[in-house]
Amino acid sequence: MADEEAEGAERMEVSTELSQAPQRQASWWDQQVDFYTAFLHHLAQLVPEIYFAEMDPDLEKQEENVQLSIFTPLEWYLFGEDPDICLEKLKQSAAFQLCGKVFKSGETTYSCRDCAIDPTCVLCMDCFQNSVHKNHRYKMHTSTGGGFCDCGDTEAWKTGPFCINHEPGRADTTKENSHCPLNEEVIAQARKIFPSVIKYIVEMTIWEEEKQLPTELQIREKNERYYCVLFNDEHHSYDHVIYSLQRALDCELAEAQLHTTAIDKEGRRAVKAGTYAACQEAKEDIKSHSENVSQHPLHVEVLYSEVMAHQKFALRLGSWINKIMSYSSDFRQIFCQACLTEEPDSENPCLISRLMLWDAKLYKGARKILHELIFSSFFMEMEYKKLFAMEFVKYYKQLQKEYISDDHDRSISITALSVQMFTVPTLARHLIEEQNVISVITETLLEVLPEYLDRNNKFNFQGYSQDKLGRVYAVICDLKYILISKPTVWTERLRIQFLEGFRSFLKILTCMQGMEEIRRQVGQHIEVDPDWEAAIAIQMQLKNILLMFQEWCACDEELLLVAYKECHKAVIRCSTSFITGIKTVVQLCGHTLETKSYRVSEDLVSIHLPLSRTLAGLHVRLSRLGAVSRLHEFIPFDFQVEVLVEYPLRCLVLVAQVVAEMWRRNGLSLISQVFYYQDVKCREEMYDKDIIMLQIGASLMDPNKFLLLILQRYELADAFTKTIPTKDQDLIKQYNTLIEEMLQVLIYVVGERYIPGVGNVTKEEVTMREIVHLLCIEPMPHSAIARNLPENENNETGLENVINKVATFKKPGVSGHGVYELKDESLKDFNMYFYHYSKTQHSKAEHMQKKRRKQENKDEALPPPPPPEFCPAFSKVVNLLSYTDSNFWTEGMLQMAFHILALGLLEEKQQLQKAPEEEVTFDFYHKASRLGSSATNAQNIQMLLEKLKGIPQLEGQKDMITWILQMFDIVKRLREKSCLIVATTSGLDSIKNDEITHDKEKAERKRKAEAARLHRQKIMAQMSALQKNFIETHKLMYDTTSEMTGKEDSIMEEESTPAISDYCKIALGPKRGPTITEKEVLTCILCQEEQEVKIENNAMVLAACVQKSTALTQHRGKPVELSGETLDPLFMDPDLAYGTYTGSCGHVMHAVCWQKYFEAVQLSSQQRVHVDLFDLESGEYLCPLCKSLCNTVIPIIPLQPQKINSENAEALAQLLTLARWIQTVLARISGYKMKHTKGENPVIPILFDQGMGDSTLEFHSILSFGVQSLIKYSNSIKEMVILFATTVYRIGLKVPPDEMDPRVPMMTWSTCAFTIQAIENLLGDEGKPLFGALQNRQHNGLKALMQFAVAQRVTCSQVLIQKHLVRLLSVVLPNLRSEDTPCLLSIDLFHVLVGAVLAFPALYWDDTVNLQPSSISSAYNQLYLFHLITMAHILQILLTIDTGLSLSQVEEDSEEARCASSFFEEISQYFSSCAGHDAPGWYLWAALKNGIIPYLRCAALFFHYVLGVTPPEELFTNSAEGEYNALCSYLSLPTNLFLLFQEYWDTVKPLLHRWCTDPALLNCLQQKSSLVRYPRKRNSLIELPDDYSCLLNQASHFRCPRSADDERKHPVLCLFCGAILCSQNICCQEVVNGEEIGACIFHALHCGAGVCIFLKIRECRVVLVEGKARGCAYPAPYLDEYGETDPGLKRGNPLHLSRERYRKLHLVWQQHCIIEEIARSQETNQMLFGFNWQLL
Ligand SMILES: [Zn+2]
Ligand SMILES: [Zn+2]
Ligand SMILES: [Zn+2]
Ligand SMILES: [Zn+2]
Ligand SMILES: [Zn+2]
Ligand SMILES: [Zn+2]
Ligand SMILES: [Zn+2]
């Protein structure tokens, strides 16, 4: 010992020295005899040093150290040369291999429905994109983590097992080359190193001592450093852990969060370092705190620091060897061998098994690395995968048991690896043959389930734990995996082992047969609904397993017969209580049946009969193989068919009694069970098999006895012998329902032959029939059909193979989904009594089909379609039909009886047509003709039917009766035909006769129906008259006629003012046309009263919503001031980054009514707990009529009619030139300035004189061109004006309301301008004309908004308006310049125009008298303002022309072009260099015309809504050329815009000079990138790829910008700008105003001013968000080939972009309807509203 110590010390010296030189360390190792000891020694010294700082590690440094001092030496030692070179070489030669990429949670996986062996075979994104399956029918799914890519596994794929990257012999490497890339020495070294490495990893990983290391590692002085380590569990929530840590450690929230996140991710973390005692104390603290918040204490341990260090390094070493192994198959094999070697003289299993067995004790991070180690070694080498699988099966039981008592997710349990082995066909076969894996699994089940066994040895899941049972399902799943591929070759051994497995499986079924028995509750209702979910869930899990067992058994006759025998034995064994029961005798109609006394309504009954049903399944397969005849060899006597039938029959009776409401008191639990019994998820192995069992009974029993048995079990035998001795209506109803149910089951027994083996049908025919019947109910989308068809073990329904034979696909529109419609020729296959119809489906289908036949003018008979032939084994079932004797009462029963009759006749007809009469023993006709042998009256059915036809109550059945009678005739004739030859013509004649009488009846019925119809019509008319009033005054007026028919309006206007000529369709200047005003009478949607809109009346208002908008931005994502306290919104930036949009739904209310309504809403929501729906504080409410989200109202103010005397106007034109006008305005302004500065208040004479005498340019001269007195608005209107203006201010600037703020009027003008721009842009986007296509709501909204803006000025201080006006005018007036006038290129001139026009009348204000310009003055004011601003805009456009653009116009030397050149020359002189482009004149002109149109269109809209002058025709239609000229004419512009400059040259020249020489402008011009050009680009949602998998691909490359860990990420795509964000994740949360918000919400603040559209890529879901707390889901624009969306990628079909739908989404955005959509969806989905949008 001492010697060793000394040696150790010596070594330490050497090795520290050597750690500087890895190769020397390597060569030193080389000299050692025992590498393991030397290696451990090396680690013992270095590892605790490197991993010393556990609490706050420098990860980079750690990694560097470990690389340098451990890994590099190891690699040198392994390769004997520079490892970098060597690994590079190996990489080059890396040949074919499995992909083996391990999926992280949330990653998309692909499977191929055409080529995958089973659905568990998946590809990673890269492999898929490079594989042939890309063009197959693939499925996309989101991985839950833990699986791996099967690319390269030839057993997993029928075709195309390799992607391009993993194809063998790819690239230049030849096979020999790639097979032997390593030389002998390296391999020898690997054999030396790998066992030591794996041994160390295993030893350290499973090291249990908390306080000390293994002795060979404890070579240093032991220190006193411990950690308190917290482990992850599934009991505690994030917040619990944070809380407990904060309390126990007394730390900051951030630190506690950091710990918690790490624990959640890694599984464990040291939360405190210190002495053992200190750590122990912390441990107790955490435990007790966590116990306070939840029942369980947190899992905490105190660990010795060096143990922690070595364990950490062991995992790092695991990752290292993982990397090394990826280079070479030889490495992997050596590693696997090392793992599988058992220590010679030890009891321990091999290393890998030790790891496996330790798995449940490990924490998450460790498990992950170890599983990856298994993936990259064993699972990449087929031979070793097999060996691993064998080890796995060896310990299977133990592993599963540990997993079941563990609390980690399945995805990180070693048991989850089973799917990787069990689904490989060769491996599965091997495991069955060699290790009897089926028995192993079933025995595991039997061992873990006993806790659920009751004293009868049946399962009982009452009070089960869902989590625990969920873990048991995993074992059941393994059974499915092992059976999923049926062997093609059967060895004797396989047979024996399989049968043994089957026997063992029957043991489980035995425990289920008859489990959870129930008894009918009489008197009192049951107190607690018993648990039923567990048993049903197991049934669901077992469904396909049962089917697969049956299929395996059916592989050959011998096997099947033996299995049958075993199963039969098991069923009989479970039936002892029945066999030994007391017997009774039933007699009816001369037949006797001896049976056991049992009543479903009194005795115990169970719905779970898997044994009986398995037997039925085996019987059917026996019949299919034609081996029923050999049954007696295996079950010589004692077949006891009555016993077999008994239990399924009871179950069907139970269902009937539940329908008859006899089990009402047994609660919902039973109802649910009965539902699932017949539901598509279970029915194949429940309901369907019970029917089959009855068919077996019917085919093997005497038909009379069989029927008696059924009567007996339905407890109806009495009802048929005696008359019902009661007048109790309920009881009669009950009896009737029972009879109906029983008859239905009889119909099914005889008629349902669509099971291969029961009838001669194929699987396709079965599926086809299911689809036909589904589509008989209604046309359905693909997914609905798929949902209603049973899935096989591969999750396939077989739908696609057959659907096109029976149905046609109808494509979807912009909303909704594509549907399949049944082909006409398939309608004949409709069977009203289809056994998979639920009650509602049945009546819906019947209704649909009758309706259809009626529409086609056919009779309403719905006879059954001819059924397929029974298989021989079941052929005797039809004998049942010979027994029909009954006394029917309800119409339903009659209908069924007819159905049975029809079935009988059809059967006979078919048999007769096939064979001569002598051979047809089936004689329905004769028996039916003599009804009931015991009946005294010798009526036959035919006569009875004739009689029934006359009963008026059976009107609906008449056609059916006629059909049956015809059928009788046909059969009669067929019978006669074979005896004596009857002339076919006579037969036809008689049919014809039949048809004639038939037609007569039809006519009569038609008459009656007509009378009924008239009566109905009358009632309907009365009702609709009542409704009409309501509807018309309400919604329809606005909603159904969404597009205003502008043209009609204008025609109407023309009619009212017939003298309107084109001359008058001018909005500006002296030639201005008359204002068209109509008397407007509106109805309040709240009180329904009408009122005329007048300025003196009480206000009426429009519901409206004001919102910030980035719909027009030229600079998306421009940083925005989150609070607009200091913002000056007078001038709009030309990039229109943020605007304030005012929209309205167009609904009118009285202001008073609205106020009352709003108060009521406020009151009612104060009482509600959740007020998330809308934010009352900011004035939100839902429009009372259409439920749009609104946050204010716009007052409706009538247009003031203005007329101009044109002569006066013309005369004024001579006087009031632009120059003169400017001088007057300037004089007025400077006058005001003087006044304000002096503070004097002189009395000024008022000039009402309209003449133009006084021409001295002084303060008052402006008034001399005409004034009028101010309009007086009612107080109510003023109030509303102020309210609305304040809302616009508050929302537009995000500030608290303040009606006195000087910015209120600015915001009014701003929202007017922006709203017009947005609507103009939208119209252009949609290619619609300017005036002809406005929606009603847009029209009403704009009208109200503009008139409001006109009125708004009056409610403000005029001095304030003047101040604003001066600033606005200083942009376009020479000699006027205020401090802050921005340069021409940094303002939007349309905003200037709107502001200036609306503010201008303020110049007429005076202290004493309120004046405003007269119509003529206004006309000039507006004309000159418009001309000036237009000239400024022209300059803007010309300065920013993109000369690089090629305009698709022919070079043309027009006047305009020449003007353009000369004008441009003129202005060029102001620039020394920068604007010196020499574009040709025609180009300039074309660019100008193109660029100015949006501005002109906006101006036209603006002046139209302000002035009410009718625009020219051309603006109502869609012609580009006509539009331009019409705009110019309407706006009084010359079509050659340069003429403006010529006309005003002297005035404009100084302006041009001023604009162009502005240094700020030059600066703007130089910043080319941020220059806004005209026309502005139109925004659209980002381009999306056609194929959705491209997006998924994109998302897979997404890395969160803030955290390295790439798990559980929700990449979300912003559809405005294309940014991909990390959503719903702590890493990317931001804090705004002290609140945490998610990455998306934060992004939306800047990108869309709070409103945004995102696509959640992994879920294929669009979400709309608004503000911090609101959002909703919206259908994604991706559709599968069946025209359906796939939210959550649940179905996984390939998805492609639907352009129409994406366009629709685009319009939702551009119409500013996102908020509306959100509000509407919240209103409809109030219940589901629980998502925390804030953290998106
Ligand atoms: Zn792959
Ligand atoms: Zn691949
Ligand atoms: Zn494929
Ligand atoms: Zn009202
Ligand atoms: Zn509305
Ligand atoms: Zn964005
Ligand atoms: Zn993130």
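Reader: Which backbone nitrogen does the side chain of Asn1191 reach?

Author: In this predicted model, Asn1191 sits in the loop between strand 15 (1189–1190) and strand 16 (1192–1196). Leaving aside neighbours within four places in sequence, the residues in contact with Asn1191 include Ala1104, Cys1105, Ser1178 and Arg1290. The side chain of Asn1191 also reaches a backbone nitrogen at 2.8 Å, and that nitrogen belongs to Val1106.

Reader: Is Asn1191 buried or exposed, and what is its relative accessible area?

Author: A residue counts as buried when its relative accessible area is under 20%. Asn1191 falls under that limit and is therefore buried, with a relative accessible area of 8%.

Reader: Which residues coordinate the zinc ion (ligand 4)?

Author: The donor residues of the zinc ion (ligand 4) follow the spacing C-x2-C-x62-H-x2-C in sequence, and the angles among the 4 donor atoms run from 94 to 120 degrees, in a tetrahedral site. At 2.1 to 2.4 Å, the coordinating atoms are SG of Cys1084, SG of Cys1087, ND1 of His1150 and SG of Cys1153, so that the residues asked for are Cys1084, Cys1087, His1150 and Cys1153.

Reader: How many residues apart in sequence are the parts that Cys1084 and His1150 tie together?

Author: Cys1084 belongs to the loop between strand 10 (1081–1083) and strand 11 (1090–1092), whereas His1150 belongs to strand 13 (residues 1139–1150). Cys1084 counts as buried, at 0% relative accessibility, and His1150 counts as buried as well, at 11%. Because the two lie in these separate elements, the pair ties together parts of the chain whose separation in sequence is 66 residues.

Reader: What distance separates the C-alpha atoms of Ile1085 and Pro1184?

Author: Ile1085 is also placed in the loop between strand 10 and strand 11, and it counts as buried because its relative accessibility is 9%. Not counting residues up to four places away in sequence, Ile1085 touches His1147, Val1148, Met1149, Cys1183, Pro1184 and Leu1185. Ile1085 and Pro1184 are 99 residues apart along the chain, yet the distance between their C-alpha atoms is 7.8 Å.

Reader: Where does Cys149 lie, and how many residues apart are Cys127 and Cys149?

Author: Cys127 is in helix 6 (residues 125–129), while Cys149 is in the loop between strand 2 (138–142) and helix 7 (175–179). Both Cys127 and Cys149 are buried. The pair links distant parts of the chain, and the separation between Cys127 and Cys149 is 22 residues.

Reader: Is Cys1617 buried or partly exposed, and what is its relative accessible area?

Author: The zinc ion (ligand 6) is coordinated at 2.0 to 2.2 Å by Cys1614 (SG), Cys1617 (SG), His1643 (NE2) and Cys1647 (SG), and with angles of 106 to 113 degrees among the 4 donor atoms the site is tetrahedral. Cys1614 counts as buried because its relative accessibility is 0%. Cys1617, however, is partly exposed, with a relative accessible area of 35%.

Reader: What span does helix 58 reach from its first C-alpha to its last?

Author: Helix 58 covers residues 1545–1557 and has 13 residues. Its buried residues include Val1548, Leu1551, Leu1552 and Trp1555. In general, an α-helix has 3.6 residues a turn, so residues three or four places apart point the same way. At 1.5 Å a residue, the expected length is 18 Å, and the span that helix 58 reaches is close to it, at 18 Å.

Reader: What share of the 1736 residues in the protein is buried?

Author: The protein contains 63 helices and 27 strands, and its accessible surface comes to about 74900 Å². Among contacts with a separation of 6 or more, residues 24 or more positions apart account for 77%. Of the 1736 residues, the buried share is 56%.

Notes
Residues are numbered from 1 along each chain as its sequence is written. Chains are lettered from A and ligands numbered from 1 in the order in which they are written. This is a predicted model: local features need pLDDT of at least 70, side-chain atom pairs count only at pLDDT 80 or more; totals for chains, interfaces and linings use all residues. Side-chain values use heavy atoms; hydrogens and water are left out. Donors are N, O and S atoms within 2.8 Å of the metal (3.2 Å for Na, K and Ca); water is not among the atoms, so sites may look incomplete. Four donors count as tetrahedral if all angles lie between 85 and 135 degrees; four count as square planar and six as octahedral if opposite donors are over 155 degrees apart and all others between 65 and 115; anything else is irregular. Helices (H or I, at least four residues) and strands (E, at least two) are DSSP runs, numbered from the N terminus. Buried means under 20% relative accessible area, exposed over 50%, partly exposed in between (1.4 Å probe, protein chains only). Contact means heavy atoms within 4.5 Å. Accessible areas come from the Shrake-Rupley method with a 1.4 Å probe; for residues, only the protein chains shown count as cover. The expected span of a helix is 1.5 Å times one less than its number of residues. A polar contact is a pair of N or O atoms within 3.5 Å; within protein, one must be able to donate a hydrogen and the other to accept it, and residues adjacent in sequence count only if both atoms are side-chain atoms.
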